[in-house]
Amino acid sequence: MTNAGKIGRPLGRALAHIFLIGVGAFFMSPFLWMVSTSLKADDELFLWPPKWIPSTILWSNYPDAIEYIPFFTYLGNSLLIALLATAGVLVSCPIVGYSLARIPWRGSKALFAATLAVMMIPGQVTMIPIFITFKHLGWVNTSIPLWLPAFFGAPFYIFLLRQFFMGLPKELEDAARIDGAGEFRIYAGIMLPLCRPALLTVALFQFMGSWTDYQGPLIYLSEESQYTMMLGVAAFRLQHGAEWQMMMATLVMITVPVILLYFFVQKAFIRGITFTGIK
């Protein structure tokens, strides 16, 4: 290797790292500004030029934010809905994805095509018919419409899991059948544990979607005692005005659990996304 090559490769790697750090800082800046605002006093909120580091860091904004809204009520509602919806997709989607990927049966290709077609329908098209259905069932103003549909499957997650199941070796199920295992035992005892990276990916997507959902609670919930965090913060701002530092403190407390969840499952998340595209 020439001297130019020895110098150029580390230099290129260093430039790539500098570029990636810059891009990361750019995308992190809204979150960092939210944290900064949550620690400021009133007189520093709208300074120009903006002040990133407050003169006096007010940690008291966080306990004040908890008292500012019924924080733990909203938190409990959000957590319950997110956990139930996540459990729903983990129960329903893997078994459908497995049947489409590994079990030959008449109509499976047509059903898979229909699943892909449903993914292309905008949510605004089905919003009113679904609302009318839940209204006739008497479930409006309850949390049921926010988590029950997850137990009937989600097209994107079914597609994701089907692709993952298709990448698993066929010899595993052939060996299990020779040992006398039935189809459900093959699914539950062999294939499902191997699908753990994809399942964690699905769980992360669904939890984040339910945790940060604003439109669903806005449509179906009308009593304050049933509000989620997102809806509760928005409703309180409209009714009582904006206490920006306390609202930002609340949003930081909402965001941090999702960030921590991602860091705990990021390796499995990346594996799930990567292996899904490999057949």
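Colleague: Which residues line the second largest pocket?

Modeller: This is a predicted model. In it, the second largest pocket is lined by Leu-204, Met-208, Trp-211, Thr-212, Met-230, Ile-254, Thr-255, Val-258, Ile-259, Tyr-262 and Phe-263.

Colleague: Which elements give two or more residues to that lining?

Modeller: Helix 10 and helix 13, the latter running over 244-276.

Colleague: And which gives the largest share?

Modeller: Helix 13, with six residues.

Colleague: How does the lining of the second largest pocket divide into nonpolar, polar and charged?

Modeller: Nine residues are nonpolar and two are polar. No charged residue takes part in the lining of the second largest pocket.

Colleague: What volume does the second largest pocket have?

Modeller: About 210 Å³.

Colleague: And how much space lies in the largest pocket?

Modeller: About 1200 Å³. The largest pocket has 32 lining residues.

Colleague: Which of those are closest to its centre?

Modeller: Ile-130, Pro-145, Pro-149, Ala-154 and Gln-206 are the closest to the centre of the largest pocket.

Colleague: Which elements give two or more residues to the lining of the largest pocket?

Modeller: Helix 3, helix 4 (108-119), helix 5 (123-136), helix 6 (144-147), helix 7 (155-166), helix 10 (196-211) and helix 11 (215-220).

Colleague: How do the residues of that lining divide by class?

Modeller: The lining of the largest pocket has 21 nonpolar residues, ten polar and one charged.

Colleague: Switching to helix packing. At what angle do helix 3 and helix 9 cross?

Modeller: Roughly 105°. The axes of helix 3 (residues 71-102) and helix 9 come within 12 Å. Angles of 65 to 115 degrees count as roughly perpendicular, so helix 3 and helix 9 are roughly perpendicular to each other.

Colleague: Which residues meet there?

Modeller: Helix 3 brings Pro-94, Ile-95, Tyr-98 and Arg-102. From helix 9 come Glu-183, Phe-184, Ile-186, Tyr-187, Met-191 and Leu-192. By class, the contact of helix 3 with helix 9 has eight nonpolar residues, two charged and no polar.

Colleague: What about helix 8 and helix 9, how do they pack?

Modeller: Helix 8 (residues 170-178) and helix 9 (residues 183-194) pack at about 145°, and their axes are 10 Å apart.

Colleague: Left-handed or right-handed crossing?

Modeller: Right-handed, as helix 8 passes helix 9.

Colleague: Which residues make that contact?

Modeller: On helix 8, Leu-172, Glu-173, Ala-176 and Arg-177. On helix 9, Glu-183, Ile-186, Ile-190, Met-191 and Leu-194.

Colleague: How many of them are charged?

Modeller: Three are charged in the contact of helix 8 with helix 9. Six are nonpolar, and no polar residue takes part.

Note on methods
Residues numbered from 1 in each chain as written. Predicted model: local features only at pLDDT ≥ 70, side-chain atom pairs only at ≥ 80, totals over all residues. Heavy atoms only, no water. Axes fitted to C-alpha atoms, helices over the stretch in contact; angles between N-to-C directions. Helix = DSSP H or I, 4+ residues; strand = E, 2+ residues; numbered from the N terminus. Left-handed = near helix turned anticlockwise from the far one by under 90°. Contact = heavy atoms within 4.5 Å. Nonpolar A, V, L, I, M, F, W, Y, C, P; charged D, E, K, R; others polar. Parallel < 35°, antiparallel > 145°, perpendicular 65-115°, else oblique. 1 Å grid on protein atoms, 1.4 Å probe; cavity = no way out; pocket = protein on both sides within 12 Å on 5 of 7 lines; lining within 4 Å. Points joined across faces, edges and corners; volume = space filled by probe spheres on them.
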